[in-house]
Amino acid sequence: MTLHLYDSAAREKRRFVPIDPRRVTMYVCGPTTYNYAHIGNARPPVVFDVLRRVLTDAYGDDAVVYARNITDIDDKIITKADEEGISIGEISDRYEAAYLEDLGALGVAEPDLAPHATDAIPAMIDMIDELIAGDFAYAAENHVLFHVPAYERYGKLSSRNQEDMIAGARVEVAPYKRDPSDFVLWKPSTDDQPGWDSPWGRGRPGWHIECSAMIRKVLGKTIDIHGGGIDLLFPHHENEVAQSCCANAGAPLANFWMHNGFVNMNAEKMSKSLGNIVLARDLLADWPGEAIRYVLLSAHYRQPLDWTDKAISSAKATLDRLYRALENAADIPAAQDAEPHDDVRGALRDDLNTPKALAALSQLSSTLETPEDKGRFLASARLLGILQADPVAWRKGSGDDTHGDDARIEALIAERAQAKKDRDFAKADAIRDALSAENIILEDGPEGTTWRKA
């Protein structure tokens, strides 16, 4: 079963063939650590976590090398540090830890490599030196800029014409630029700003050079897959391509470029100006991380995703049903060597068609009759990174092995059962109502009463 992925550069779906099947390399742009991640920030790591699982399924556990960077030097971080009167390291450490905590709650495994920009400054300086030596960059007034006209293929990745690029460049118009579209590789730091010594004076890197240098440092000159949100296509990824190709004697930066679509809030694009930014950790206060992950996978990754209250409620209800199927099959041992079902595997190998894979998984939940059935079902769910909790714990609302005040609830259920036995129905109803007020739902059945959180 072959793997096909949509390549943003080629603008078509292509068969994926790695440079070396024993070392499949993928790099995804990570966070700039100056604030908490919003739900739109969470979509790329969830999407590429699934791709990593698909690649591992295809090439083996030890074959995939996945890097996701941390941008820990940036003007936004400097501003935040100044506001709080602390170092950029303290700001970055705080928000990196929060980012990893939130992603962990969404079932996203940490990458194999997490290069930090501040650890790769020498690699950035080396790459800038090479670009200057090749006449692709120039120093001017303590800055170093990449000269866009020196790279003939600039704009091919994003399909931008020269007018679009100049319009975008007007954000940073400066008299020392040779061309309006030239962009900064290195800029000076004042005495009170973080900075590093360089041949062009004390300063700090521009954003775009960071990823190019980190990729070359930890993965090599050409990688198999480069991913990120569609908002990074231009100028960030376009600039990465220009820098890397020029510094690496024309070698391509990546053989596949993959971009996920935006997350919209109630059909409206998230933006700070509209005040509709929703933090991942705020959602996690109200919903299980697995339900949030399910919503993020419910639309094809290349399409926009509409985040609504109905979508998260529906995802939670679907997971409730799938976990109930597993709980009903608790007496059936799962075959440990089972492979994912072809319908799920096939959907994911067709450019990560997660909606189709989720639908196939839902169909499988009604056929958990043998160890092989259950094993295939669980193996398929692992490819998507869902159904990882204990079914009983999920039903009770915790999603893990810590049940909080389960003993109190069980005691009340026992007290209610005794009240019904004593025909004290008023008391039994009062107990049910009290638990209902805590969003605890009781379900009476032939085997007794079970409970779950609404």
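Reader: What ground rules apply to the model?

Author: Residues are numbered from 1 along each chain as its sequence is written, and side-chain values use heavy atoms, leaving out hydrogens and water. The model is predicted: local features need pLDDT of at least 70, side-chain atom pairs count only at pLDDT 80 or more, and totals for chains, interfaces and linings use all residues.

Reader: How many aromatic pairs are there, by what rule?

Author: Rings of Phe, Tyr and Trp (its six-membered ring) pair if their centres lie within 6.5 Å; planes under 30 degrees apart count as stacked, over 60 as edge-to-face and the rest as tilted. The count is seven aromatic pairs. Take Phe-16 and Tyr-59: their ring centres are 6.2 Å apart and their planes at 75 degrees, so the pair is edge-to-face. This pair links distant parts of the chain, 43 residues apart. Phe-16 is in the loop between β2 (12–15) and β3 (24–28), Tyr-59 in helix α1 (residues 39–59). Helices (H or I, at least four residues) and strands (E, at least two) are DSSP runs, numbered from the N terminus.

Reader: Is Phe-16 buried or exposed?

Author: Buried means under 20% relative accessible area, exposed over 50%, partly exposed in between (1.4 Å probe, protein chains only). Phe-16 is buried, at 3%. Tyr-59 is partly exposed, at 25%. Phe-16, Tyr-59 and Phe-256 form one aromatic cluster.

Reader: Which charged residues sit over rings?

Author: The test is NZ of Lys or CZ of Arg within 6 Å of the ring centre and within 35 degrees of the ring normal. The charged end of Arg-302 sits over the ring of Tyr-6, 4.1 Å from its centre. Arg-178 lies over the face of Tyr-138, at 4.1 Å from the ring centre.

Reader: How do helices α15 and α16 cross?

Author: Two packed helices are described by the angle between their axes and the distance between the axes. Axes are lines fitted to C-alpha atoms, for helices over the stretch in contact, and angles run from 0 to 180 degrees between N-to-C directions. The axes of α15 (residues 406–421) and α16 (residues 425–437) come within 7 Å and cross at roughly 155 degrees. Angles under 35 degrees count as roughly parallel, over 145 as roughly antiparallel, 65 to 115 as roughly perpendicular and the rest as oblique. Helices α15 and α16 are therefore roughly antiparallel.
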